Amino acid sequence: MSLYEHTAELFGKPVKEWKPGMPLDDPSGTAYRLGIDYDEAESGVTWDARFGEFLSLPASSSVTSIVVGAWGDTGPLSNSSAVVNSLSQMSGKLLSLRALFIGDIIGEEYEISWIEQSDMAPIFVAYPELEHFRVRGANGLRFGPLNHNRLRSLIVESGGLDVSVVRDITSSSLPELEHLELWLGDDGYGANAEVVDLAPILSGKHFPKLRYLGLRDSVLSDAIAAAAAHSPLLEGLRVLDLSLGTLSDDGVAALLASPGIKNLEFLDLHHHYCSPEMISKLMALGIKVDTSDEQEPDEDDGESTRYVAVAE
Amino acid sequence: MMGNPLDTSRSRSNLPVAPVPILLIGVPGSRRTELFQAALIRARKPAATVVSFIDLLRERTNIADLISTETVVRVDSPGKDFETERALLHAGSKAAYEEHFASVTSVEVDRLEFERGRILYPRQWYFGLCKALKIIESQLPDCYLMNNFQDIALMFDKPRCQAVLTTNGIPVARNLGEIKSFDDLRQRMIETGYARVFIKLAHGSSASGMIAYQTNGTKHRATTTVEVEKSGDKLRLYNSRRIRLYQSESEIGQLVDELCRHRVYVEQWLPKAGIDGRTFDLRIVVIAGRAAHTVVRLGRHPMTNLNLLGGRGNLEHVSDRIGSCGWANMQRTCEQVMTSCFPNSLYAGIDLRISPDFQHHQVLEVNAFGDLLPNVMCNGRDTYESEIVAISPESLQKMCGLS
């Protein structure tokens, strides 16, 4: 699978592609997307110019949500440090910014494993009021660790997440964090975190307000399910999201044996490798479960391989 | 500017009194031929006289005996018929032999056996097609053509076609020209700064022999419809319906080098928009100067092509995203392709790329036989029937010389 469409929504707000000349007529209700389309990059449009024009609109100070698309290359995508720097330096203008997505880039533009990110820490220093943050692509990605008192949502989308990013997050102080989503990815694309690296999250102590945990797109789905099944976190969690990964009957068996699983409101397992028998047992739990997008293992040269949804 | 092809009152007044006889050069019994005959019946026209490429090329039939002064000639696709392919390779062998691209002698053509998907000798095939057009021309110096023969030949010479589109101000992907080898390709990519390119056969149809390649200098990634197989000390290329992914530079190099033997050119890989969870592009058939039948071609990979079973998407979803003004611009571009580059052809199927922000478009391909869109209707008619009703002396050209 690849990612085919720009995001239509950012933390509940509809996304609107912003182009120069367009008024910001709904700065609090709309997420504005700033991206340099390939065609624009070809004709010389730069991120700095586009961002500058956006900021020149007085209403930009009321904008609450921004989506950053590709930042304007026609060759290999440069890393995001220039975007991070400009956003950080201009925080005095974006006074209302609460939600930010850096890297709304689809596979047709750059495959997720080809997106070069950078250290996001300056963003969190510059925007102490930021509540939602999402980033796509994990090459070069770092977080600090973070020390941020307002952040409620953190989403990291990758095809292969380096353990250093996981450790940055698990050693961050994010007391208000309610929604954490990590796309762990495939080891062929740089995923190297072990379940033990996720232990601080699963302990339930590190992020006490966590209500939504997504450990998605992982080759470790079964092991994660087993660890999550006995996690004290389940007491407070509303949504456990193990979707896009390689979950099989083993993982489901662990979930079914969990005393806390029925406390969930929603168990998202879509894109999985489970049998219909196990799926019907899940359905009998009495909670909402998404078991759509059933996958078949790839049988090649006598070897059976289960792939995550998004890797390359 | 030509009239609306679907304005029947106008077309009718211009039609000759007698029903229009059509001579169809194609593959008898093929789906295209059957569908075209069915469209003639729906349009209350007499059935077309069908002459096969094989008979034409062997000059078994003197087609001059089959026509009247009102006859309209339609040349359709030689299709995927192996005997027809062989006949075309025979016809192109002399011209191909005089060049350095991969070719086979007539004796070798006779020895070829059918293998599903095998990419034979597209350059030689193209020469064979040109030869067929020349034979028709020599036998029929004075008749009406649905599509001009120079135009058909031009549409099947993709590098030249792209150059003509560019000259006429049609938006296209930037061209890196013809390449000789993988090393040559890498050099050009460094010179131009492009990280993502399409490598295409100069004379391929559909997604035949196409590679989408990207590199950042260290990582390499090629998705392609092409498979390579070793046969003795030689390599054979096959089109596969399964998209292959190659990530090793040496494998990609070998593939590109092999493809280069058949004449390839390279253009920048423009990212395409997505809709309903897939990548898409548009096939728009322009008939008598008007953008008509339109299909959203969905795919999970860079090769969005109907023949790859990608499926069709919802046209309304796409037009809503593009907006009425953008949609009109896009149609205008397609119409300009025909009016400014191919004014003597009644129809063609144009592939259009839409940018991910739905604000830009480029013409990817112009397909001479790109009007096979069964069951796609425009104003109540399918493509073939729309072409038939658009036939009028003013919409068609008389034979003019094939260069």
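## Two crossing helices in chain B

Helix axes here are lines fitted to C-alpha atoms over the stretch in contact, and the angle between two of them is taken between their N-to-C directions, on a scale from 0 to 180 degrees. With that in hand, take a look at chain B of this predicted model. Helix H4 (residues 82–97) of chain B packs on helix H6 (residues 122–139) of chain B at an angle of about 95°, and the two axes are 6 Å apart. Since angles of 65 to 115 degrees count as roughly perpendicular, H4(B) is therefore roughly perpendicular to H6(B).

Who does the touching? On the H4(B) side the residues include B:Leu88, B:Leu89, B:Ala91, B:Gly92 and B:Ala95, while H6(B) brings in, among others, B:Trp125, B:Tyr126, B:Phe127 and B:Leu129. By class, this contact has 10 nonpolar, five polar and three charged residues.

## A pair of helices in chain A

Over in chain A, helix H7 (residues 221–229) packs with H8(A) at an angle of about 5°, with 8 Å between the axes. So H7(A) and H8(A) are roughly parallel to each other.

From H7(A), the residues A:Ser221, A:Asp222, A:Ala225, A:Ala226 and A:Ala229 meet A:Asp250, A:Gly251, A:Ala254 and A:Leu255 of H8(A). That contact has five nonpolar, two polar and two charged residues.

## The sheet and the helices on it

Chain A also has an open sheet of 12 strands, which follow one another in the order S1-S2-S3-S4-S5-S6-S7-S8-S9-S10-S11-S12 with mixed pairing. Its edges are strand S1 (9–10) and strand S12 (288–290) of chain A, each of which pairs on one side only. Further in, S7(A) and strand S8 (residues 179–185) of chain A pair in the parallel sense over four bridges. For one of the residues here, A:Ile155, the bridge partner in S8(A) is A:Glu181.

Which strands does helix H2 (residues 47–55) of chain A lie across? They are strand S3 (31–36) and strand S4 (65–71) of chain A, and the helix runs at about 150° to S3(A). Helix H5 (residues 163–170) of chain A has A:Val165, A:Val166, A:Asp168 and A:Ile169 as buried residues. These four sit on the same side of H5(A), because they cover an arc of only 160° around the axis. The buried residues of H5(A) pack against S7 and S8 of chain A.

A few spots in the loops are worth a stop. A:Gly144 and A:Pro145 are joined by a cis peptide bond, with omega about 15°. A:Pro145 belongs to the loop between strand S6 (132–136) and strand S7 (153–157) of chain A.

A:Leu244 is not a glycine, yet its phi is positive, near 70°. This leucine is in the loop between strand S10 (239–241) and helix H8 (249–256) of chain A. Is A:Leu244 buried or exposed? A:Leu244 counts as buried because it has 25 C-beta neighbours inside 10 Å, and the cut-off for buried is 20 or more.

B:Asn379 is another non-glycine residue with a positive phi, of about 50°. B:Asn379 is in the loop between strand S16 (361–367) and helix H12 (383–389) of chain B. With 14 C-beta neighbours inside 10 Å, B:Asn379 counts as partly exposed.

## Where the chains meet

How many residues of chain A are in contact with chain B? There are 16, and they touch 18 residues of chain B. Sorted by class, the chain A side has five nonpolar, five polar and six charged residues.

Conventions
Residues are numbered from 1 along each chain as its sequence is written. Chains are lettered from A and ligands numbered from 1 in the order in which they are written. This is a predicted model: local features need pLDDT of at least 70, side-chain atom pairs count only at pLDDT 80 or more; totals for chains, interfaces and linings use all residues. Two residues are in contact if their C-beta atoms, placed from the backbone, lie within 7 Å. Ala, Val, Leu, Ile, Met, Phe, Trp, Tyr, Cys and Pro count as nonpolar, Asp, Glu, Lys and Arg as charged, and the others, Gly among them, as polar. A residue is buried if 20 or more other C-beta atoms lie within 10 Å of its own, exposed if 12 or fewer, and partly exposed in between; C-beta atoms are placed from the backbone. Two strands pair if DSSP finds at least two bridges between them. Angles under 35 degrees count as roughly parallel, over 145 as roughly antiparallel, 65 to 115 as roughly perpendicular and the rest as oblique. The arc is that of the directions from the helix axis to the C-beta atoms.
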